[in-house]
Amino acid sequence: MSNAETNSESFVEMARMNDDTATLRLDGIPADTLSKVQKYLENFQLSLEKLQIISARLRKDMIRGLGKHTHHSASVKMLPTFVRATPDGTEKGDFLALDLGGTNFRVLHVRVVEEEQKVLKMDYTIPQKIMVGPGEQLFDHIAACLSKFLDLENLKGQTLPLGFTFSFPCEQKEIDKSILIRWTKGFDCSGVEGQDVVRLLKEAIRRRGDYEIGTVAMVNDTVGTMMSCGYKDQSCEIGMIIGTGTNACYMEEMKNVTRVEGEDGRMCINTEWGGFGDDGSLKDILTEFDEVVDKTSINPGVHTFEKMISGMYLGEIVRLVLVRLTEDKLLFKGKASAALLTQGTFETKFISEIEEEDTGLETAKKILTELDLDWDSVDARVVRLVCDTVSSRSARLCAAALATIANHIRVNRGLDHLETTVGVDGAVYRKHPNFSDELQAMTRLLAPKCDVTFILSEDVSGKGAAMMAAVAQRLAL
Ligand code: GLC
């Protein structure tokens, strides 16, 4: 048996392991083409055994991140959030929330009456030039959007508590003092890293002078997600995002949070798992395509794990594979278009659309036409296979990381069996047709002693941030 045949068979085997429909994906691709294509795809295939190894590495890194003397150099930051309490149901009244973390910026007004939450929200965009401009300009823009919203809602003149979901790695000093460690996900505003983000926001509001805000509580989006789901399910103690970026938080025993005084109770830890691998620990699983994505990003060497998983990068990984397959004459008769050769043209949402069971192939053809490519029906199938392979790796890596956290909580508590709930948000998880199924199935395999329930966050992490503002206000009174 030739090498190519062996590889091709193991590839089919891997595809079967991925999900029952995966073999369907191979239909209609001639064996010869398939075995050549798979040479480029096999490095994306992660066996259960490999995922277990990755999980063990992450566990080690999490321990380093938590350690008093090791956290400085840890790639998984494990940031204390100062969130010790979850809503207790007594929080009532009007709250504001800001949610900044992707390309959209959201402002919310949350009214809590008798456990009913009424949410009004507005989305504003952050223009690209503001995303990479001076920090002052970014905060002036945020303060201006908030001002518009308050006018619209007729809320100027009131001093409402504000929850601020700021989805970047921050060294939290207090619930209302949080230092940005570094920008991620395409943001790069000058003069903000190393600064207290709450202070920058308050200063921008003061510069305007047309409204005031009350107590501020700042949280990461993972924390907001956990909080908003925790309102419904008390056992929700993990928050996970798989959207533009990826990350998770969980409730850790205070005795393990050695960087913060006190031994009793629990504190939520923002893992910043996106940074896993930044010390080279994932080198063996990086493909040539991951390396290009990293090199051409605005933050090379930063957030290695995130770049293999999240929405900001998945489309670009697929595009790079397609370019490579075209160079090798395995696609589009060897002819790439200018669009295909341009960074960022293959959007991550295309992956979800192309992987739709019934309509996917037709959509693939439409997208390939829009990208100016001369395709045939085998090309469309190969493209779908590439999408499937890249998104499946993402789901598996997330599962390995989530299983690590669940196992860690179980061992912490000395339990043989843990029942826990994870609150999830993010477009990749929500919109992809089988991402959540694969993630859940793999998590079960990787954390067999944990029974993990998944709840989709209903109203974005902003609502959770408003709840945090409510808790902060209650504790401040
Ligand atoms: C990035 C940020 C992190 C955030 C995640 C999801 O990884 O560093 O803080 O939670 O994206 O939005």
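Predicted model: local features only at pLDDT ≥ 70, side-chain atom pairs only at ≥ 80, totals over all residues.
**Entry 1: N407**

Leaving aside residues up to four places away in sequence, N407 touches L446, A447 and C450. As for secondary structure, N407 sits in helix α14.

**Entry 2: the sheet and helix α14**

Next I traced the sheet. I found an open sheet of six strands, and I noted their order as β1-β11-β10-β9-β12-β13, with mixed pairing. Its edge strands are β1 (79-80) and β13 (450-456), each of which pairs on one side only. I asked myself which elements of the sheet helix α14 touches. Helix α14, residues 377-412, packs on the sheet and touches β9, β10, β12 (418-425) and β13. I wrote down the angle too: the direction of α14 makes about 5° with that of β10.

Strands β9 (residues 236-242) and β10 (residues 246-253) run antiparallel, and five bridges join them. For I238 I looked up the bridge partner in β10, which is Y250.

**Entry 3: the ligand**

I turned to the ligand and listed what surrounds it. There are 15 residues around the ligand, and K185, N220, D221, E272 and E306 come nearest. Sorted by type, the shell has three nonpolar, eight polar and four charged residues.

I then noted some polar distances to oxygen atoms of the ligand. For N247, a polar side-chain atom lies 2.9 Å from a ligand oxygen. For T184, an N or O atom of the side chain is 3.2 Å from a ligand oxygen. For T246, the atom is a backbone N or O, and the distance to a ligand oxygen is 3.4 Å.

How much of the ligand does the protein bury? Taken alone, the ligand exposes 310 Å², and the protein buries 98% of that. Last, I checked which elements give two or more residues to the shell, and these are α8 (221-230) and β10.

Methods. Residues numbered from 1 in each chain as written. Heavy atoms only, no water. Pairing = 2+ DSSP bridges. Helix = DSSP H or I, 4+ residues; strand = E, 2+ residues; numbered from the N terminus. Contact = heavy atoms within 4.5 Å. Axes fitted to C-alpha atoms, helices over the stretch in contact; angles between N-to-C directions. Near = heavy atom within 4 Å. Polar contact = N/O pair within 3.5 Å; in protein donor to acceptor, adjacent residues only side chain to side chain. Areas by Shrake-Rupley, 256 points an atom, 1.4 Å probe, with all protein chains shown as cover. Nonpolar A, V, L, I, M, F, W, Y, C, P; charged D, E, K, R; others polar.
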